[in-house]
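Subject: Handing over a structure, with notes

Dear colleague,

I am passing this structure on to you, and I would be grateful if you could look through it with the notes below at hand.

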Amino acid sequence: MPAFAATRVLLLVGDTLSSRKFYGFSRVAPLYSSVRFFGRANNESEPLTLATLGFKSEIESTRGNDKNKLKHGISTVEFPKRREKKVSPKETSVVKKKERVDIEALAPFAAKSFSELGLPPLLVERLEKEGYKVPTDVQAAAIPTILNNHDVVIQSYTGSGKTLAYLLPILSEIGPLKKNDEPRNKMDIEAVVVAPSRELGMQIVREVEKLLGPADKRLVQQLVGGANRSRQEEALKKNKPVIVVGTPGRIAEISAAGKLQTHSCRYLVLDEVDELLAFNFREDMHRILEHVGRRSGASQNIMNGSKARRAERQTIMVSATIPFSVVRAARSWGCDPLLVQAKSVVPLESVNAPAPIKSETPAQSNSGANLQTQAPVQSLPPSLTHYYSVTRIQHKVDTLRRCIHALDAKCVIAFMNHTRQLKDAVFKLEARGMKAAELHGDLGKLARSTILKRFRNGDVRVLLTNELSARGLDIPECDLVVNLGLPTDSVHYAHRAGRTGRLGRKGTVVTICEEPEVFVVKKMQKQLGVAIQSCEFAEGKLVVNEDEKL
Ligand SMILES: Nc1ncnc2c1ncn2[C@@H]1O[C@H](COP(=O)(O)OP(=O)(O)OP(=O)(O)O)[C@@H](O)[C@H]1O
């Protein structure tokens, strides 16, 4: 178990804003209308305003916001001050009046359109063609922030659209859909996206290909392990991609062989960054962090501190779960990074190490300074229903089958902790006429992608898998996640659970456990701040044990 997994906590509210410098604001991105900012005077007597940050005027956006008031959520977006721009007294007074005003915001979609976020028309057109019309909250917060050259850590719950939140600002600046048509040095790779699994890597590649369109899809190159390396190297040479997406091992390998020129790369994305901190990725990640976007002569610049680093790559780190180990790592990898969440943007500097856990109800934990229990809550989509059902170990697969019938689930992901258990479970389900398949890391790349394709197509109803599928896998149709083996902790629970209930869809999570394991479920319930209700499956129906309070 990697050390970071034990740290489940993130303190998100820091009262002192960083007074550190921010460099290289070259663009002005318009403000999306319904994500709000509030300014505040800081030590150096310059208030924070949208103007100081390079966004549209605060007064204008505030007016626009009146139309957008909705029932859900509070929106407070704080940015660190942008030093070089002075604020007029008029702006200052507006900011002061609005100081610490919490505003209702649209949820789950904050901005009305992608064009409001400063994306180029070609890209917006392509998005509309693909059916993406309204940005999600996290996209509305992240896109302008990345367009403003900030290094960021993006955290929001599973299935909330984090992939486009970083891809869109990158594609605004590089490739055929970008804002300006400056010619490109064809040898340069301009963005590197690192993901911990082949499946996630391929999924990101598909997303980029979709946006680039058939004529330009060769401008993204996958560099995932398990696939033919020389073919990947040939494709790099022939297609001269602007963006590569891959797993740490393969990217590091090809880079070490001198076949991947990333020194002048502008963007480095670490998707599922907390997973990428795992021990087994350490050496490869070290190489990637040292080489991507590090121009020759940069080592000399490092001596000059963050300003020099700013002139190099922009680092974007992403996950639904950001333990404090990531906060620490992100501070050293990035340049004054910001923590971007659906409705808040704060300097990572203001995120404090977790305080000891205090017993408090989820409602209390939202308002208090100790947000130890809050991080996993923010990692879970609100549209999920959680149950647990007690059974004997030898009846677990049969309970799974009855659970699927009772809930009439069509597309099910069931997690087991040991690869060797998967085959037996598949056999038992198939024997009872339920189409099932196993997916794990011991299978070859082709077998893995064929199984996933069959599952996505609906040919397979139940996918029996292990932790491999817990991260990032996007199968919107998945309506049920079952834990046949207990997840290691609440962070792992959150990622597994997040395979269902994607982007506002309903989803159910059922943990099938033995009696002595119930206390672990109770503990996770407390840490996650969600109700996990006891239930049974009898006569083809779900029976919730209402009176059993955890
Ligand atoms: N603005 C949007 N409008 C409609 N659909 C969207 C939008 N943004 C993303 N989606 C879709 O939402 C789904 C979830 O997005 P994505 O996989 O990026 O979530 P995520 O936050 O990265 O999840 P995870 O934490 O599990 O990796 C995808 O199917 C994606 O195509």
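Throughout these notes, a residue is called buried if its relative accessible area is under 20%, exposed if that area is over 50%, and partly exposed in between, as calculated with a 1.4 Å probe on protein chains only. Helices (H or I, at least four residues) and strands (E, at least two) are DSSP runs, and they are numbered from the N terminus.

Please keep in mind that this is a predicted model, in which local features need pLDDT of at least 70 and side-chain atom pairs count only at pLDDT 80 or more, while totals for chains, interfaces and linings use all residues. Residues are numbered from 1 along each chain as its sequence is written, and side-chain values use heavy atoms, with hydrogens and water left out.

Helix 5, which spans residues 137-147, is mostly covered, since eleven of its eleven residues are buried. Among them are D137 and Q139, together with I143, P144 and L147. If contact is taken as heavy atoms within 4.5 Å, then the elements that cover these buried residues include strand 3 (152-155), helix 6 (162-173), strand 8 (314-319), strand 9 (338-341) and strand 10 (344-347).

Just after helix 5 comes N149, with a positive phi of about 70 degrees, and this residue is placed in the loop between helix 5 and strand 3. Most residues other than glycine have a negative phi. N149 has its positive phi although it is not a glycine, and at 13% relative accessibility it counts as buried.

E539 also has a positive phi, near 50 degrees, and is likewise a residue other than glycine. Its place is the loop between strand 17 (532-538) and strand 18 (541-544), and E539 is exposed, with a relative accessible area of 79%.

The nonpolar cores

A nonpolar core is here a set of buried Ala, Val, Leu, Ile, Met, Phe, Trp, Tyr and Cys residues joined through side-chain atoms within 4.5 Å. The largest such core has 46 residues, and those with the most contacts inside it are L119, I154, Y166, L168, I243 and I316. If residues up to four places away in sequence are not counted, L168 touches F114, L119, L123, L127, I143 and L211. There is also a second, separate core of 33 residues, which includes V153, I189, I254 and A278.

Two strands are said to pair if DSSP finds at least two bridges between them. Strand 6 (residues 243-246) is covered on both faces, with I243 and V245 buried on one side and V244 and G246 buried on the other. Strand 4 (residues 191-194) pairs with strand 6 in the parallel sense over four bridges, and G246 is the bridge partner of V194. Strand 5 (residues 220-223) is also joined to strand 6 by four bridges, the two running parallel, and V220 stands opposite I243. From strand 5 the chain crosses through helix 8 (residues 229-239) to strand 6 in a right-handed β-α-β crossover, a term that applies if, with the strands pointing away from the viewer, the path from the first strand over the helix to the second runs clockwise.

In strand 12 (residues 412-415), V412 and A414 point one way and I413 and F415 the other way, and all are buried. Strand 12 pairs in the parallel sense with strand 14 (residues 462-465) over four bridges, where L463 is the bridge partner of I413. Strand 12 also runs parallel to strand 15 (residues 480-483), to which four bridges join it, and there V412 has L480 as its bridge partner.

H386 and the annotated region

H386 is in strand 11 (residues 384-390) and is buried, with a relative accessible area of 3%. Its side chain is joined to that of Y493 by a polar contact of 2.8 Å, where a polar contact is a pair of N or O atoms within 3.5 Å, and within protein one must be able to donate a hydrogen and the other to accept it, while residues adjacent in sequence count only if both atoms are side-chain atoms.

Finally, UniProt lists residues 399-543 for "domain: Helicase C-terminal" in an unreviewed entry; UniProt positions are given in the numbering used here, feature names are shortened, and annotations may be inferred rather than shown by experiment. Over residues 399-543 the chain is 37% helix and 23% strand, and the end C-alpha atoms are 13 Å apart.

With best wishes
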